[in-house]
Amino acid sequence: MSPSAVVQGPASSCVDSQSGTYEVLSPIYSTAGGINSSRHPPLGRSRGEPMSADKAPGEASVAPTEPGPIVAVQHLVKRYGDLVAVNDVSFSIRKGEIFGIVGPNGAGKTTTVECISGLRVPDSGQIFVDGLSPRTDRKKMREFVGVQLQEGALPPIITVGEAVELFASFYRDPLTPDRLLESLGIGELKQKQFQKLSGGQKQRLSIALALVGNPRIAILDELTTGLDPEARRETWDLIEHIRERGVTVILVTHFMDEAERLCDRLALIDHGVVRVLDTPEAITARVGGVRVRFVPSVPVDDSTLRAIPGVETIERKDRYITVTGTGDLATSVLDALRKAGVSVSELEARKGNLDDAFVKLTRNAGPEERDSA
Amino acid sequence: MTSDPSPSRTRERTRGAFSELLKVQWRLALRQRYIFTGLVLPTALLVVFWAIGRLNPGEVAGSGLTILELWTPTILVISYIAIGLLGLPATFARDREIGWLRRVSTTPIPPSMLLAAQLLLNLIIAAVATAFLLIVTIAIFGAPLTVGVEFVGIAFLAIVEMFSLGMVVAAIAPSQQAAEYIAGGFVFPLMFLSGLWVQPVQVGGALATIMYYSPTGAAVRAILYSVFNAVPPYTTLVTMVVYTVIFAFIAVRFFRWE
């Protein structure tokens, strides 16, 4: 792992030191965690192994007993002509975790996972998937790596049942198609043609095809893009069920709420390099900063706000002003505005979330430029 | 779970996957009436030429053959043109365009197996069309044709020839639309050369020679000899083999899975 590319940090200390300082006055910004419904029965298994998914939701967790990396990516480089899509990316993924690969569009996320799955050949660097090389052991690897592609395209008139049974026939030790479809909540769609499915149903089928081979590793690319909020939340529940079965999940996404909710650790990739790799909490605590929103009693201009220590960005919407930055921001803002003879109402302060951290890490600009943006 | 499967088990599973692929593709072909690709136009042509033959009995241009007898090989080859050029490349280009081949290539099954299943399916469809057209010609319209091993071999070669040209189209076409346009450009010349509008015995001269040495004209001529229990001129077979090899070479050379 190249130390320059990966920001390491003690996660817990950051969280603790900051959570004591800032009072969260309003819960409206808090992320919607804890939705852990088990609407869907556990995923189907064909053979008699006990299912960890039988445990109550929340009880099952990632095995923390120091397992070695199941996927190791070392100094991966991939170019398309002159464009360097992935530039010296290194990370390793632990067995049983949900590992997020996040970043803006065109950052090199998909290229990275395509190299892991063996769909693309890297220009340089090494990849090991459970000790195998995607380049030379492609065939063996495909037995235990399930892939869900960004555009999960099937012949329009194939039915759900036909597609899943077909894919089951490709693998040595597949799950039972009927039970799998049942567990994904699309059991009643067996006779339905692919072209007649809704976006969410297509996505579920796509997950079914990625899982029917009973993989140890599932690569899921832009899983919830194009889904409505309800379908997204249901898909997230499915991913948690997959993890509970002990499957290592590599999740590619550009949705920060998704990464925050699902991932045990994540790598933020931007312009082909890893900007940060850590748990979502640690990244948020270290980089996310603070966000303070208020309504001033009289108009306040930007220069006054920018003069306040710690302020980095200023956003205005209707009557509201939101400043983000670091340090004891709420206190600084209140003090400075009181001195300027401005009183403040509807004050809300919260820690920055992953989204804020993401914006800061991908904007390679100083505070001045950010303000004007 | 990590131990290597025995070779025999892998073979067995590969066979299972292949028959499952073939089964699903057969069902899809039935569902979208793809099965009629090589049947509708040739059957209509057969009826038309039977009717023309009824109105104009007797031999054509001193060939000793009636209109129906002379045109039946042409109609068979037109069926192969329809399947090989209008059906096969469009399906394959679509599967590639929508990412189905790519999706399959993430599984332990290579996409070449999908192609193999598709070729076999189209071969079966061509065989069904051939049988149907011959039954109508012989049993219903009463043409005195014989179907032997020679005919089966030559028809198979003609089908392979058209399929390899179809794979050229599939190889060079970037999309289903493009495949349909490119194939469309081939279809009319190939139909003409197969003698649909005029038979070589009627025109003679240079045009007849061109037709005899064309991909479809050679196939029609070889089939015509074989259904009358005669040995076809070896040039017809050589012509077909040479075209097949050239088409296959180009198809392999330009083939893309993605």
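## About the model

This is a predicted model, in which local features need pLDDT of at least 70, side-chain atom pairs count only at pLDDT 80 or more, and totals for chains, interfaces and linings use all residues. Residues are numbered from 1 along each chain as its sequence is written, while chains are lettered from A and ligands numbered from 1 in the order in which they are written.

Let's start with helix 9 of chain A, residues 280–287, where six of the eight residues are buried (20 or more other C-beta atoms within 10 Å of a residue's own, with C-beta atoms placed from the backbone). Those six are A:Pro280, A:Ala282, A:Ile283, A:Thr284, A:Ala285 and A:Val287. Just after the helix, A:Gly289 has a positive phi of about 70 degrees. Helices here are DSSP runs of H or I with at least four residues, and strands are E runs of at least two, numbered from the N terminus.

## Two domains in chain A

Domain 1 covers 68–284 and domain 2 covers 290–351 + 353–372; such bounds come from an automatic or database domain assignment. Their C-alpha centres lie 38 Å apart.

Between them, 12 residues of domain 1 are in contact with eight of domain 2 (C-beta atoms, placed from the backbone, within 7 Å). On the domain 1 side, helix 8 (256–262), strand 8 (265–270), strand 9 (273–278) and helix 9 each give two or more residues.

## Meeting chain B

Chain A also touches chain B, with 22 residues of chain A in contact with 21 of chain B. Helix 3 (138–144) and helix 4 (160–168) of chain A each supply at least two residues to this side.

Definitions and conventions. Buried ≥ 20, exposed ≤ 12 C-beta atoms within 10 Å, placed from the backbone. Contact = placed C-beta atoms within 7 Å.
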